[in-house]
Amino acid sequence: MLLSDNIINIKNIGEERSKKLQKLGIYTINDLIEYFPRDYDDRSNVCNIKDVNINEINTVKGKVITKPETTRIKHLSITKIRIDDGTGFLEILWFNQPYLKNSIKYKSNYIFTGKVVEKYGRIQMEAPDYEIIDEKELLSNGRIVPIYASTYKFPQKLFREVINQTLNNVKEQIEEFLPNEILKQNNLCSRKFAIENIHFPEDNNSFFMARYRLVFEELFLLQIKLLQIKGILEHKKCNIIIKDININPILNILPFNLTDAQNSVLKDIINDLNQNKAMNRLIQGDVGSGKTVIAQILAYITVTNGYQAAIMAPTDVLASQHFESFKKIFDKLNIKCVFLSGNQKAKEKRENYALIQSGEAKIIIGTHAIIQDKVIFKNLGTVIIDEQHRFGVKQREILSKKGQNPHTLVMTATPIPRTLALILYSDLDISIIDKLPPGRQKIDTIYVNSTYYPRIYNFIKKNADEKKQSYIICPMIEENEKTELKAVLSYTEKLKNEIFTNYSVECIHGKMKNTEKQNIMDKFYKGEIDILISTTVIEVGINVSNATIMIIENAERFGISQLHQLRGRVGRGSEKSYCVLVSDSKNNQSKQRLQTMVKYSDGFILSEKDLELRGTGDFFGTKQHGVPDMKIANLYKDIQILKQVQKVSMQLYKKDPLLLNDENKLLKAKINQFFNDIDNTVSL
Ligand code: ADP
Ligand code: MG
């Protein structure tokens with residue numbers, strides 16, 4: 001049997017069981033042995049019967065000294081045995097498992113783990129897990145026992161048997177791929193030891209060794225890969241000379257004073273500009289925290305020093321919104337802004353290209369249109385990227401190459417936990433805007449089920465009567481886009497014709513043409529639409545301060561990050577705003593997630609909570625960054641390991657960036673296999 005073989009080759013795995021395993025993402029033998037336990041149960045302490053703890057789970061070993069008997073009481077069948085371990089007797093019972101009568105062997109030795117109770121003066125163990133003691137290795141008792149995430153009726157006992165048997169078969173094939181030096185330096189156990197002991201730990205220490213190694217390995221592979229991807233963006237010496245920094249003229253025409261948080265970020269930026277290398281900075285600031293003005297000030301500094309500044313935003317709507325807000329300021333300063341979009345007519349584009357190339361256009365704002373070949377800058381000094389998670393590293397690089405190592409500022413409203421930031425942005429310096437501008441009101445968040453619709457609709461009507469606007473978000477799942485789009489459209493019709501007959505209702509969705517979307521957004525900005533029904537296309541950056549109600553239907557379908565983004569669309573003006581999460585989900589995790597949204601409003605706290613709720617797996621933000629799920633590393637708990645990994649991976653990367661040395665060959669192969677096409681999907 002080879003690691004690459006299909007699981008169907010395993011004894012005891014037929015069509016049906018293999019389908020169940022496939023649902024867990026297990027296709028090959030290798031997938032199976034790398035399907036790490038979700039949890040463990042320490043059953044290694046075998047207790048003498050005379051010392052069992054009442055009302056607790058105990059593990060005991062003993063000989064079956066009575067033939068199993070099954071009795072019936074009404075609907076309940078009880079199967080009973082007695083065991084003896086030399087220190088005492090214990091009665092053991094199972095409920096409604098009459099078949100045990102034939103499978104438990106009289107006079108054989110077994111090991112049992114179950115709760116011991118005292119009833120009517122008798123001490124009994126109820127419904128234990130049991131295992132015969134023979135020459136075979138114990139898997140479910142008398143040791144630290146693995147528990148697998150298995151929702152598809154694949155019993156734990158079977159899981160353990162299958163994994164154990166497979167491991168015994170293939171363990172000699174488990175290859176080490178980490179270079180010897182790294183193993184030694186970091187006290188890592190071998191890969192073989194790690195895989196064996198992560199499933200069936202010999203003892204606590206072996207478990208910790210195994211887990212440490214596997215977490216290290218997982219983060220290490222990711223880190224090396226990210227370093228390789230980002231190698232292209234390394235800090236370079238800068239040819240852009242910024243020597244005059246006088247921002248008073250722009251500060252004087254702003255309608256507000258900068259907050260302390262904004263000032264401190266600005267200080268970081270000015271400090272960067274005074275260095276002799278290109279700035280590479282990320283601003284993280286919650287929605288509405290006022291990142292745009294920072295971009296404007298940086299653009300101002302750039303232009304007043306004789307260079308051009310480019311601002312790239314992920315959507316037309318967002319880019320044109322930026323353009324409007326830049327023009328308001330820079331028109332007054334006599335600095336020319338130009339807007340570029342894929343939707344512009346050829347003639348308009350040509351004119352813009354000419355303005356950019358001649359240097360007449362000082363500030364260039366647009367979508368991906370900015371990075372087209374035809375766009376040639378006269379002297380690009382600064383690149384500003386908004387909502388950067390929407391852009392890949394490659395796009396960031398193309399834009400940078402349009403100048404000579406320009407300064408780069410990327411801005412994101414997607415707060416991410418500290419650990420993830422360390423992983424994703426190790427090449428960037430980070431500034432955080434951690435306070436909102438003054439005068440913002442807290443958005444009241446309400447979590448209700450669908451019986452509340454009549455009240456919700458009335459609430460929206462009342463809001464519209466006061467000339468305030470509302471969003472209704474209907475999520476769509478990609479697989480079902482067609483049918484769901486239909487549902488959204490017919491829902492819109494229903495709301496238009498039956499519920500909100502006297503109001504203006506429109507729908508916006510991802511399948512619309514850009515011009516159509518733009519058209520609807522324009523109307524919404526102007527207040528000509530009372531109620532905007534939307535899939536999630538409005539998620540990023542929209543700023544309509546007159547919108548005060550955000551209804552999110554099927555809220556359980558969204559992750560915390562998206563919910564937070566959506567909620568941030570309201571509460572942008574001085575009016576009190578509300579976010580209503582509608583969900584009938586009975587799933588505990590979903591419920592907890594929505595309750596968390598009700599309780600917290602700070603994006604950074606939410607991001608940490610999200611990580612805490614989910615731990616490993618599809619945690620906050622990874623999916624949208626294109627980073628694969630973690631199998632074992634818990635980014636909430638494993639920050640210390642991560643720090644170590646970052647140190648080690650940086651050392652290795654500096655020595656052998658492309659992993660061409662002999663000792664790194666296997667590592668290189670593993671990385672390639674692990675991330676077949678992350679290059680194209682990851683965005684940092
Ligand atoms: P985001 O960080 O989400 O991009 P914006 O830059 O769009 O946020 O700012 C949100 C709103 O806050 C805008 O209307 C902006 O004019 C306003 N704003 C920004 N900074 C301040 C400030 N220091 N004082 C008052 N209002 C501010
Ligand atoms: Mg913004």
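In which sense do E10 and strand E12 (residues 363–366) pair, and over how many bridges? They pair in the parallel sense, over four bridges. This is a predicted model, in which local features need pLDDT of at least 70, side-chain atom pairs count only at pLDDT 80 or more, and totals for chains, interfaces and linings use all residues. Residues are numbered from 1 along each chain as its sequence is written, chains are lettered from A and ligands numbered from 1 in the order in which they are written, and side-chain values use heavy atoms, with hydrogens and water left out.

**View 1. Strand E10 and its parallel partners E12 and E13.** Helices (H or I, at least four residues) and strands (E, at least two) are DSSP runs, numbered from the N terminus. Two strands pair if DSSP finds at least two bridges between them. E10 covers residues 308–312. Five bridges join E10 to E13 (residues 380–386), also in parallel. Ala309 faces Thr382 of E13. Ala310 sits opposite Ile364 of E12.

**View 2. The two faces of E10.** In a regular strand, side chains alternate between the two faces of the sheet. Gln308, Ala310 and Met312 point one way from E10. Ala309 and Ile311 point the other way. Five of the five residues in E10 are buried (under 20% relative accessible area; exposed is over 50%, partly exposed in between; 1.4 Å probe, protein chains only).

**View 3. Cysteines without a disulfide.** A disulfide is a covalent bond between the sulfur atoms of two cysteines. The cut-off here is a pair of cysteine sulfur atoms within 2.5 Å. The structure holds zero disulfides. Cys579 is buried, at 1% relative accessibility. Cys189 is buried too, at 8%.

View 4. Side chains of opposite charge can pair when their charged atoms come close. A salt bridge is a side-chain nitrogen of Lys or Arg within 4 Å of a carboxyl oxygen of Asp or Glu. The structure holds 27 of them. Arg43 is buried at 11% relative accessible area, whereas Asp41 is partly exposed at 28%. Glu484 is buried at 11%; Arg557 is partly exposed at 37%.

**View 5. Lys523 and Glu506.** The closest N and O atoms of this salt bridge are 4.0 Å apart. Lys523 lies in helix H17 (residues 514–525) and Glu506 in strand E18 (residues 505–508), so the pair ties together parts 17 residues apart in sequence. Lys523 is partly exposed, at 29% relative accessible area. Glu506 is partly exposed, at 22%.

**View 6. Asn664 in the loop between helices H22 and H23.** The loop runs between H22 (639–655) and H23 (665–674). Asn664 is buried, at 2% relative accessibility. Leaving aside neighbours within four places in sequence, Asn664 is in contact (heavy atoms within 4.5 Å) with Pro179, Leu652, Asp656 and Leu659. The C-alpha atoms of Asn664 and Leu652 are separated by 9.4 Å.
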